[in-house]
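Welcome! Have the structure open as you work, and try each task before you read its solution.

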Amino acid sequence: MSSIIRAHAADTFGGTAPMPFDARRANVAGVALAAGMTIDSLDGHDGFNPAKGRVGCPLFPATLAFGYQSRASGSEFVTTIVMGYEFGCRAAITQQAAACDHHASESRGAVDGAGPGRQLA
């Protein structure tokens, strides 16, 4: 799945940002899509038990892509990741409290991934 989505990102989302595990490049959206789906295809995502879901799968790819675009420093990157986890975990807890049935990570992934764009803009 990772190689398929990276090829799609390179073909569909032309740009200058480097894609992880690939020599091709794409724009920020393409890099975030390819990186997120690579994490998922490798089952390399985290878990947050109170939320019955994940925060890092949308957060890391978005931070990586926006960090490249804004030329973020290492400390800005780490700060954005920490802030993203804090916000994402709180949003997940709030969502679980509002409706106790299972909520897929994807239902809040766009919110988790939007923070880096705002922080690193």
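The exercises below look at a predicted model.

**Exercise 1. Find how helices H1 and H2 are oriented relative to each other.**

Step 1. Two packed helices are described by the angle between their axes and the distance between the axes.

Step 2. Locate helix H1 at residues 2–12 and helix H2 at residues 28–41. Their axes come within 9 Å and cross at roughly 175 degrees.

Step 3. An angle over 145 degrees counts as roughly antiparallel. H1 and H2 are therefore roughly antiparallel to each other.

**Exercise 2. List residues through which H1 and H2 meet, and sort the contact by class.**

Step 1. On the H1 side, pick out Ser2, Ile5, Arg6, His8 and Ala9.

Step 2. Across from them, H2 brings Gly30, Leu33, Ala34, Met37, Thr38 and Ser41.

Step 3. Sorted by class, this contact has five nonpolar, five polar and one charged residues.

**Exercise 3. Which residue pairs with Arg6 in a salt bridge, and where do the two partners sit?**

Step 1. Side chains of opposite charge can pair when their charged atoms come close.

Step 2. The structure holds three salt bridges. In one of them, the side chain of Arg6 meets that of Asp22, at 2.8 Å from N to O.

Step 3. Arg6 belongs to helix H1, while Asp22 is in the loop between strand E1 (17–18) and strand E2 (25–26). The pair is 16 residues apart and links distant parts of the chain.

**Exercise 4. Describe the second largest pocket and its lining.**

Step 1. Begin with the volume of this pocket, which is about 180 Å³.

Step 2. It is lined by 15 residues, and closest to its centre are Ala35, Ile39, Gly56, Phe60 and Pro61.

Step 3. Helix H2 and helix H3 (56–70) each supply at least two lining residues. H3 gives the most, with five.

Step 4. The lining has 10 nonpolar, four polar and one charged residues.

**Exercise 5. How far apart are Pro58 and Ile39 in sequence and in space?**

Step 1. Find Pro58 in helix H3.

Step 2. Pro58 and Ile39 are separated by 19 residues in sequence and by 9.3 Å in space, C-alpha to C-alpha.

Conventions. Residues are numbered from 1 along each chain as its sequence is written. This is a predicted model: local features need pLDDT of at least 70, side-chain atom pairs count only at pLDDT 80 or more; totals for chains, interfaces and linings use all residues. Side-chain values use heavy atoms; hydrogens and water are left out. Axes are lines fitted to C-alpha atoms, for helices over the stretch in contact, and angles run from 0 to 180 degrees between N-to-C directions. Helices (H or I, at least four residues) and strands (E, at least two) are DSSP runs, numbered from the N terminus. Angles under 35 degrees count as roughly parallel, over 145 as roughly antiparallel, 65 to 115 as roughly perpendicular and the rest as oblique. Contact means heavy atoms within 4.5 Å. Ala, Val, Leu, Ile, Met, Phe, Trp, Tyr, Cys and Pro count as nonpolar, Asp, Glu, Lys and Arg as charged, and the others, Gly among them, as polar. On a 1 Å grid over the protein atoms alone, a cavity is a set of points where a 1.4 Å probe fits but cannot get out, and a pocket is an open set with protein on both sides within 12 Å along at least five of seven lines; lining residues have an atom within 4 Å of a point. Grid points are joined across faces, edges and corners, and a volume is the space filled by probe spheres set on the points. A salt bridge is a side-chain nitrogen of Lys or Arg within 4 Å of a carboxyl oxygen of Asp or Glu.
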